[in-house]
Amino acid sequence: MLSIKAEKDIFETILARRSVRSFKKNKIPQGIISSLLEAAVRAPTAVHQEPWGFVIIQDEQTLKTLSDYAKPLFLTGLKQRELDDPEQLLDVFESQNFNIFYDADALILICGKTSSPFYAADCWLAAENLMLVACAMNLGSCVIGSAVEAFNTSDIRNKFGIPNNFTAVAPIALGYPNVESPPTSRKAPLIFTRIASD
C-alpha cells in the first residue's frame, strides 16, 4: 500500500499536473521515492509482463555530469531534425550552464525489457502513474526526453547497471517545485468517429 497520503483526488491531480522546470533544493525522502515506485508498478501492463526496471539518482554531481554528457548527443540529433524553431532549442542546449534535469533533486529512469511486446507503452503507463502520484504529493515532475539517448549508450548503461535486454524509455526529473506552474490549455479532444446506440 502507498505509505504517503495524497492531498488531491484523482481528477484534481490530473488537472493540476504540470511539467515543472524549476526545483527547490529540498531532498525527497526515501519513503516518498518508494511510494512513487509502488504507484509506477501498479500501471496496466500488457499480458501481465511488468517489463520495467528503474534507475534512481539523487546525487547532484552525478546528475550534472549526466547532463553534460547528454547535451551534445541531443544537440547532434536536434540538428538532424526538421523543427519549427530549432535556434531557440539549440541556444538553450549549447549553454554551458543549462542542466537538462533543471537541478531537480531526483531522477527516476524507467527502463523496459525489450523482449516484452509492448514494453514502451507499459513504461509510459508506469511513468504517468508515477507523475500523477508525485503531483498528488505536491512534487513536481518533468519527462526529460533529451536524456534518453545518453542513457542508452554503453558507457552510461554500464555505469548504472542497465542490463543489455533493457532499454531506457522514460527519464523523469522530480523535486519540490520552486514556483507555482500556471495552468496550461489543451485542445478539445479530436474525435474522428462517435458511434452510439439510442
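Author: Glu 60 and Lys 25 form a salt bridge, with their closest N and O atoms 3.7 Å apart; the term means a side-chain nitrogen of Lys or Arg within 4 Å of a carboxyl oxygen of Asp or Glu. Glu 60 lies in helix H3 (residues 60-79) and Lys 25 in the loop between helix H1 (10-16) and helix H2 (30-40), so the pair links distant parts of the chain, 35 residues apart. Helices (H or I, at least four residues) and strands (E, at least two) are DSSP runs, numbered from the N terminus. This is a predicted model, where local features need pLDDT of at least 70, side-chain atom pairs count only at pLDDT 80 or more, and totals for chains, interfaces and linings use all residues. Residues are numbered from 1 along each chain as its sequence is written, and side-chain values use heavy atoms, leaving out hydrogens and water.

Reader: Is Asp 105 buried or exposed?

Author: Asp 105 meets Lys 27 in a salt bridge of 3.0 Å, N to O. Lys 27 has 52% relative accessibility and counts as exposed; the cut-offs are under 20% relative accessible area for buried, over 50% for exposed, and partly exposed in between (1.4 Å probe, protein chains only). With a relative accessible area of 8%, Asp 105 is buried.

Reader: How many salt bridges does the count come to?

Author: Applying the 4 Å rule, the count comes to three.
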